[in-house]
Amino acid sequence: MESVTEVFGPGVRVVYHGDALVRRESSVLLPGVVPVVHIQNLSQPFRYEGLSEVEPLIGLQDELNTRLSDRASRVTMSSFKMYLAKRLDGFDGAPVGPGRVWMTDDPDASIEAFGGDTSSPSESEHIEQVREAMDKISGVPPLAGGVVRAKIGNLSSANALRITLMSLLAKTARKRVTYGAGIERVCRMVLTALDAAGVLRTHPADRGVRLVWPDPQPVDPGDAVVSAERKVALGVERDRVLAELGYGPGDAGVS
């Protein structure tokens with residue numbers, strides 16, 4: 001199959017089919033600009049592609065898959081219980097099942113069950129440790145996915161929730177820096193192209209976009225009101241404070 005390569009350069013787009021040049025177009029809207037915004041997943045100095053979030057988890061995921069596969073094989077091989085009967089005549093002549101009763105006058109008679117899915121504490125502990133290691137490396141605790149365990153304690157305060165989700169909040173902040181800068185560059189590039197096309201005339205100084213992210217944690221309404229009052233006391237414009245609270249000048253009850 002013939003390969004198709006599309007190359008974007010400063011103000012030009014070139015398409016190759018194999019080694020043959022089949023199309024060359026000049027950019028009228030963005031002359032001298034490469035219309036590509038590169039966003040690294042995790043920034044890494046002096047590397048274009050950045051760091052992967054999945055690659056550090058591959059080894060642990062393989063280990064977890066192996067252990068779970070071993071457990072499944074063990075359960076399959078030992079899922080049928082066996083019984084050892086002592087001093088019981090005719091035990092092998094009737095199958096074991098609900099309602100089956102054996103009677104004997106021998107006080108030393110016994111029936112012992114073995115096999116089945118017996119408990120393996122070391123195996124369960126190892127699987128749990130692998131999963132905890134994956135949670136730490138990924139930066140996403142099980143609580144973020146809705147897995148609530150008894151050891152999380154009381155999360156009624158914002159500080160307790162912040163400490164519990166510290167790794168996820170730090171990861172979110174890093175993502176906002178990298179992806180936020182990329183989104184701002186995309187918006188500037190689009191506004192430049194719209195201005196060149198005559199669709200939306202703007203001055204270069206007006207094409208800067210500021211991306212404001214919401215707080216990932218829930219904000220207590222009482223704390224928000226107290227913070228707003230302090231901002232007004234410090235001289236922040238009242239309309240801006242109302243906008244931060246989600247109110248507009250024309251809303252009912254806002255004077």
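This is a short talk on the fold of one protein model and on a few of its residues.

Before the details, the model is predicted: local features need pLDDT of at least 70, side-chain atom pairs count only at pLDDT 80 or more, and totals for chains, interfaces and linings use all residues. Residues are numbered from 1 along each chain as its sequence is written, and side-chain values use heavy atoms, with hydrogens and water left out.

Let me start with the overall layout. The protein has six helices and five strands. Here helices (H or I, at least four residues) and strands (E, at least two) are DSSP runs, numbered from the N terminus. Along the sequence the order is β-β-β-α-β-β-α-α-α-α-α. Of the 255 residues, 16% count as buried. Buried means under 20% relative accessible area, exposed means over 50%, and partly exposed is in between, with a 1.4 Å probe and protein chains only. Next, contacts, meaning heavy atoms within 4.5 Å. Among contacts between residues at least 6 apart in sequence, 49% join residues at least 24 apart.

Now a pair of helices. How do helix 5 and helix 6 cross? Helix 5 covers residues 221-234 and helix 6 covers residues 238-245; their axes come within 10 Å and cross at roughly 165 degrees. Axes are lines fitted to C-alpha atoms, for helices over the stretch in contact, and angles run from 0 to 180 degrees between N-to-C directions. Helix 5 and helix 6 are therefore roughly antiparallel. As for the cut-offs, angles under 35 degrees count as roughly parallel, over 145 as roughly antiparallel, 65 to 115 as roughly perpendicular, and the rest as oblique. On the helix 5 side the contact is made by Ala-224, Ala-228, Lys-231 and Val-232, and on the helix 6 side by Val-241, Glu-244 and Leu-245. By class, that contact has five nonpolar, no polar and two charged residues. Ala, Val, Leu, Ile, Met, Phe, Trp, Tyr, Cys and Pro count as nonpolar, Asp, Glu, Lys and Arg as charged, and the others, Gly among them, as polar.

Next, Lys-171, which is found in helix 4 (residues 166-197). Is Lys-171 buried or exposed? Lys-171 has a relative accessible area of 17%, so it is buried. A polar atom of its side chain lies 3.0 Å from the backbone oxygen of Ser-138. For a polar contact, the pair must be N or O atoms within 3.5 Å; within protein, one must be able to donate a hydrogen and the other to accept it, and residues adjacent in sequence count only if both atoms are side-chain atoms. Not counting residues up to four places away in sequence, Lys-171 touches Glu-53, Ser-138 and Val-140.

Ser-138 itself lies in helix 2 (residues 121-138). At 18% relative accessibility, Ser-138 counts as buried. The side chain of Ser-138 reaches the backbone oxygen of Asp-135 at 3.2 Å. Leaving aside neighbours within four places in sequence, Ser-138 is in contact with Leu-57 and Lys-171.

Last, two loop residues. His-38 lies between strand 3 (20-26) and helix 1 (58-77), and at 29% relative accessibility it counts as partly exposed. A polar atom of the His-38 side chain lies 2.5 Å from the backbone oxygen of Tyr-48. Val-212 sits in the loop between helix 4 and helix 5, and at 57% relative accessibility Val-212 counts as exposed.
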